[in-house]
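Take a walk through this structure with the sequence at hand.

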Amino acid sequence: MRSAKVASAPSVSARNGAVAGLGVVVMAAGLGKRMQSKKSKVLHVVAGRPMVLYAVSLAQRVAGLSIAVVVGHQGDQVKEIIDGAFGAGDERSAIHIVTQAQQRGTGHAVSQSRPVFESAGRRPPSHYLILNGDTPLLQEETVRELLRVHRSEGATVTMLTAVLDDPSGYGRVVRRRPGKGSDGSASPAVLKIVEDRDASPDERAIAEINVGTYVVDGAFLFSALDKIQPHNAQGEYYLTDIVDMAVGQGHRVVAVPLKRPDEGLGVNTRQQLAEAERVLRERIRTRWLNAGVTMVDPDSAWIDADVTIGKDTVVYPNVMLEGRTAIGEDCVLRSSSRLTDCQVGDRVEILDHCVLHESILEDEALVGPFVHLRPGVLVRRKAKVGNFVEMKKTDLGEGSKANHLSYLGDAKIGKGVNIGAGTITCNYDGARKHKTVIRDNVFVGSDTQFVAPVTIGAGAVIAAGTTVTQDVPADALAIARSVQSNREGWAAKQRALQAEGGSMREVSRPRKEAAPRRVGRVIPARMAVNLTKKRKR
Ligand code: UD1
Ligand code: CA
C-alpha cells in the first residue's frame with residue numbers, strides 16, 4: 001500500500017515534548033450517571049474517538065515518566081481501547097491501567113495510582129499532571145502553559161479554571177476577598193474549591209469554575225490524599241480538597257484561567273457531549289482548511305479526529321470521513337459519501353453516495369456513484385467501480401472496471417478486466433466462502449454468475465448470461481445459457497385476440513412441440529446460434 005501524502009498536521013504521539021520528571025494520572029473510572037447511559041462515560045465518542053483517548057493522548061505527549069489511567073466502570077473495555085490506540089508505548093511514557101473497584105471520588109481515584117509511581121527501584125515524579133477523563137477539548141498548549149506557570153511560580157498546586165456564563169454543575173473557585181492580603185497582582189489568592197452540591201448560594205454565584213486539570217508537587221500529592229475525608233454532600237473523597245489543604249499548610253496555590261473557556265468543557269450530560277462534538281468538529285475543519293483542503297460547505301463536512309487529508313483535495317457537502325481514514329492529494333469527494341478506516345491515494349475521485357469501509361483505493365481510482373465497499377477491498381490504480389456495485393474482500397486490478405449493478409466478494413481480479421453489468425460472484429454456499437479468480441484482460445459479459453470456487457484464465461471471454469460453474473481456460477469463450485426460440489407472429493395474434501375480447505390463455509398455452517431447453521451446459525457460441533436458427537420456421 002502506498003502511503004498517502006498528507007498535509008502537515010500535529011502528530012498525535014510525538015515524543016519529543018516529554019516533560020522531565022512528570023507523571024500523569026488520568027481519571028476514567030466513573031460511570032457518569034448524568035449521561036443516562038449503560039455505557040461508561042469515557043467510552044462515549046467525540047469526533048469518532050472515545051473520550052478517554054483525548055486525555056490519554058495528551059498525557060502521552062507531555063509525560064516524562066509513567067502514565068496511570070484509573071479505570072472502573074467497564075474497565076476492560078477502556079483498557080482495550082487504550083491498548084488499541086497506543087499499543088505498548090515506550091518505557092518513559094508507559095501506560096499503566098489501575099483499577100478503582102469502587103468509585104469513591106476523584107481523590108480516591110488518584111490514590112489508586114500511587115503504586116504505579118512509587119514502586120521499588122523507580123524514581124518518583126517530581127510533579128504530577130492530573131486530568132479528568134471527560135474533558136476532551138483541552139489542548140496541549142494549554143497544559144504546557146499550566147506546567148510552565150507551575151514551575152515559574154514555585155507552586156505546590158496549579159489548577160486550570162474557566163469563567164463561564166453558566167457555571168452550574170462545576171466546582172467553584174473560592175478566592176480571598178479582594179483587598180485583604182492582596183499583593184496588588186491581578187487576582188486574589190485561591191482559598192478552596194467548593195463543589196456545586198456543597199456550595200452556599202453566594203458560592204454558587206461565583207462564575208470561575210475548576211476545569212479538573214491540575215499540576216501537583218510530587219512530595220505533596222499522596223501525603224495530602226492520605227488526609228482527605230469524605231465529609232461532603234456526596235460522601236466522596238474529593239481531589240479538590242487538596243487545594244484547601246495546601247492553602248492551610250501555607251503552600252502556594254495558583255489558578256490559571258483559560259483564555260478560551262470552551263476548552264474546559266466537562267462532559268457530564270448528552271447535551272455537553274453534543275457541545276464537545278460541535279466544538280471539536282469545528283476545530284478539525286479549521287485545521288484541514290488551513291492545511292490546504294477545500295471544503296465547499298465546511299459546516300457539513302464531518303471529519304473525525306484521526307483522519308488525514310492531502311492538499312488540494314476537494315470535499316463536497318455532507319461527506320463523512322471516519323476513523324483512521326487517510327485521503328491523498330488532489331482527490332474529489334462528492335456529496336453524501338461516508339468513508340470509514342479507508343486509505344485513499346492521490347487524484348482519486350469518489351462520486352456521490354458511496355459507503356466505503358476498511359478499503360484501499362489506489363491513485364486515480366474512480367468510485368461511485370452509489371458504491372458499497374465492505375472491508376478488505378483493494379481498488380488498484382485507475383480502476384473504476386460505480387453505479388450500485390457492492391464489493392467485499394476483493395482485489396480489483398489496475399485499470400479494471402466494474403461499472404454497473406454487481407456483487408463481487410472474495411474475488412481476485414487481474415488487470416484490464418471488464419466486469420459486465422449484473423455480474424455476481426456466488427461466493428457463499430451456506431456454510432463456507434469460496435474464491436473467484438479472474439486473471440488479466442478477461443471480458444465478463446453482463447448478467448454473469450461465478451459459482452465459486454472458480455478460476456478464469458487470462459484473456460477469456462464469458463458470454464452474457466452465463467452461469468460459470470467450471471474453470472475457464474485462458475483465451476477461451478465460456479457460454480452457458482438457455483437457448484432462445486422465437487414464435488413468429490405470436491404477439492400480433494395476441495393483440496388481435498384481445499381486441500376481439502378473446503382470452504389471453506388461448507394463445508399463451510405452452511406449445512406441445514416446444515424445443516428442449518439446454519440449461520447449464522457450455523455451448524460454443526456458433527453452435528448456440530445454429531440451434532436457434534434451426535428451430536425457426
Ligand atoms: C469534577 C470536579 C469539579 C470540576 C469538574 C470539572 C471533583 C470532586 N470535582 O466534578 O470541581 O469542576 O470535575 O469537569 O473532583 N472519576 C473516577 N473515580 C471516581 C469519580 C470520578 O475515576 O470515583 C473520574 C470520572 O470518570 C471523570 C472524572 O473523574 O472522568 C471527574 O469525575 P466527575 O464525576 O465527572 O466529576 P465532576 O462532578 O464533573
Ligand atoms: Ca465531570
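The calcium ion (ligand 2) is coordinated by Asp-134, through OD, and by Asn-268, through OD1, at 2.2 to 2.4 Å. Donors here are N, O and S atoms within 2.8 Å of the metal, or 3.2 Å for Na, K and Ca; water is not among the atoms, so sites may look incomplete. Asp-134 lies in the loop between strand E6 (127–132) and helix H5 (140–153). Asn-268 lies in the loop between strand E11 (253–257) and helix H9 (270–290). The pair therefore ties together parts that are 134 residues apart in sequence. Helices (H or I, at least four residues) and strands (E, at least two) are DSSP runs, numbered from the N terminus. Both Asp-134 and Asn-268 are buried. Buried means under 20% relative accessible area, exposed means over 50%, and partly exposed is in between, with a 1.4 Å probe and protein chains only.

A word on the model and its conventions. This is a predicted model, in which local features need pLDDT of at least 70 and side-chain atom pairs count only at pLDDT 80 or more, while totals for chains, interfaces and linings use all residues. Residues are numbered from 1 along each chain as its sequence is written, chains are lettered from A and ligands numbered from 1 in the order in which they are written, and side-chain values use heavy atoms, with hydrogens and water left out.

Now turn to ligand 1. It is surrounded by 23 residues. The closest are Gln-100, Thr-106, Gly-171, Glu-195 and Asn-210. A residue is near a molecule if one of its heavy atoms lies within 4 Å of it. Which backbone atoms lie 2.9 Å and 3.1 Å from an oxygen atom of ligand 1? At 2.9 Å there is a backbone N or O atom of Ala-29. At 3.1 Å there is one of Gly-133. A polar backbone atom of Gly-171 is 2.8 Å from an oxygen atom of the ligand. Such polar contacts are pairs of N or O atoms within 3.5 Å; within protein, one must be able to donate a hydrogen and the other to accept it, and residues adjacent in sequence count only if both atoms are side-chain atoms. Taken alone, ligand 1 exposes 750 Å², and the protein buries 91% of that. Accessible areas come from the Shrake-Rupley method with a 1.4 Å probe; for residues, only the protein chains shown count as cover.

Thr-425 belongs to strand E32 (residues 424–426). Thr-425 counts as buried because its relative accessibility is 2%. A polar atom of its side chain lies 2.8 Å from the backbone nitrogen of Gly-409.

The next stop is the backbone. Most residues other than glycine have a negative phi, and most peptide bonds are trans. The peptide bond from Gly-368 to Pro-369 is cis, with omega near 0°. Pro-369 sits in the loop between strand E24 (366–367) and strand E25 (371–373). Ala-452 and Pro-453 are also joined by a cis peptide bond, with omega about 5°. Pro-453 is in the loop between strand E35 (449–451) and strand E36 (454–456).

Glu-358 has a positive phi of about 40° although it is not a glycine. Its loop runs between strand E22 (355–357) and strand E23 (360–361). With a relative accessible area of 46%, Glu-358 is partly exposed. Leu-405 has a positive phi too, near 50°. Leu-405 is in the loop between strand E29 (401–402) and strand E30 (406–413). At 53% relative accessibility, Leu-405 counts as exposed.
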